Amino acid sequence: PAAWDAVVAGEPSLGAALRPTLPGHGPKPSAVPDTFEAVVDELAEGIAASGATPVHLVGYSLGARLALGLLVRRVGLVRRATLIGPHPGLQEPAERTRRQRDDAEWARCLRERGLDAFVDLWQAQPVLKPAVTTPSDRIDAQRRWRHAHEAESLARALEVMSLGRMPDYWPRLDAIEAPVTVVVGADDDKFRRVADRMVPRLARGRLAVAPHSGHNPLLDNPAWLARCLQRLEEEDR
């Protein structure tokens, strides 16, 4: 949840946002449901219990994939969605098998080498490279948040919520009725290609490109993201 602090600070009206900790994340051991869609359903129950529905649902990366699951499975909970760096799922069996194997290796790294080694390797992935304009204090804070996890729970989360375990939601995009804004960083070529395929399939989809940002606009350009979310909120008033 702390990853959203700079975004919320950019627009005080966003301060009341619900920011649940995902299963398997956080400093204490936590249970992780057995399947990706069981995680989606658990999140849906928490949102419904908040009494704030229908919500403007915002998710980044894994959070965006789970948010997409909510849009598909829980019609009526969401009035609008903003998906940052989303992926609707892998379509080819070979791709799914390869991703399952890769995420199993990440989980093994956590269990056998520990959180320090895992964070070093995780942050070295090219797709997660911060923008050159991102202040060092935000990068340092992100590293602290990544270290504030419990290794076994996070390993289990990687296994269950792997892109390789996520259902293929591509065939269901055209049934989503809520307006959906897909956000990608200007320097995130990989996920821009995904977004360019995804947005035309959404009945009320649009693309927003975050300037001076890679895959993670929360880190690279939180002020822009805050303004984007505020403008979308104003559209609903």
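This is a predicted model: local features need pLDDT of at least 70, side-chain atom pairs count only at pLDDT 80 or more; totals for chains, interfaces and linings use all residues.

Residues are numbered from 1 along each chain as its sequence is written, and side-chain values use heavy atoms, with hydrogens and water left out. Helices (H or I, at least four residues) and strands (E, at least two) are DSSP runs, numbered from the N terminus.

**Sheet**

- Four strands form an open sheet: there are 4 strands in the order S1-S2-S3-S4, with parallel pairing. Two strands count as paired if DSSP finds at least two bridges between them.
- Strand S1 (55-60) and strand S4 (205-210) are at the edges, each with a single partner strand, so one side of each has no neighbour in the sheet.
- From one strand to the next, the twist averages 20 degrees.
- S1 and S2 run parallel and are joined by 6 bridges; Tyr60 has Ile84 in S2 as its bridge partner.
- Strand S2 (residues 78-84) also runs parallel to strand S3 (residues 180-185), with 4 bridges between them. Here Leu83 is partnered by Val182 in S3.
- S2 is mostly covered, with 6 of its 7 residues buried. Buried means under 20% relative accessible area, exposed over 50%, and partly exposed in between (1.4 Å probe, protein chains only).

**Helix pair H2 and H3**

- Helix H2 (residues 36-50) packs on helix H3 (residues 62-73) at an angle of about 75 degrees, the axes being 9 Å apart. Axes are lines fitted to C-alpha atoms, for helices over the stretch in contact, and angles run from 0 to 180 degrees between N-to-C directions.
- H2 is therefore roughly perpendicular to H3. Angles under 35 degrees count as roughly parallel, over 145 as roughly antiparallel, 65 to 115 as roughly perpendicular and the rest as oblique.
- On the H2 side the contact (heavy atoms within 4.5 Å) includes Phe36, Val40 and Ile47, and on the H3 side it includes Leu66, Gly69 and Arg73.
- By class, the contact of H2 with H3 has 8 nonpolar, 1 polar and 4 charged residues. Ala, Val, Leu, Ile, Met, Phe, Trp, Tyr, Cys and Pro count as nonpolar, Asp, Glu, Lys and Arg as charged, and the others, Gly among them, as polar.

**Helix pair H5 and H6**

- The axes of helix H5 (residues 115-123) and helix H6 (residues 136-147) come within 10 Å and cross at roughly 135 degrees, so the two helices are oblique to each other.
- Residues of H5 that meet H6 include Leu115, Val119 and Trp122, while Gln142, Arg143, Arg146 and His147 are the H6 residues in the contact.
- The contact of H5 with H6 has 3 nonpolar, 3 polar and 4 charged residues.

**Backbone geometry**

- Most residues other than glycine have a negative phi, and most peptide bonds are trans.
- Thr53 and Pro54 are joined by a cis peptide bond, with omega about -5 degrees; Pro54 is in the loop between H2 and S1.
- Ser61, not a glycine, has a positive phi of about 60 degrees. Ser61 is in the loop between S1 and H3 and is partly exposed, at 22% relative accessible area.
- His212, also not a glycine, has a positive phi of about 55 degrees. His212 lies in the loop between S4 and helix H9 (217-220) and is exposed, at 52% relative accessible area.
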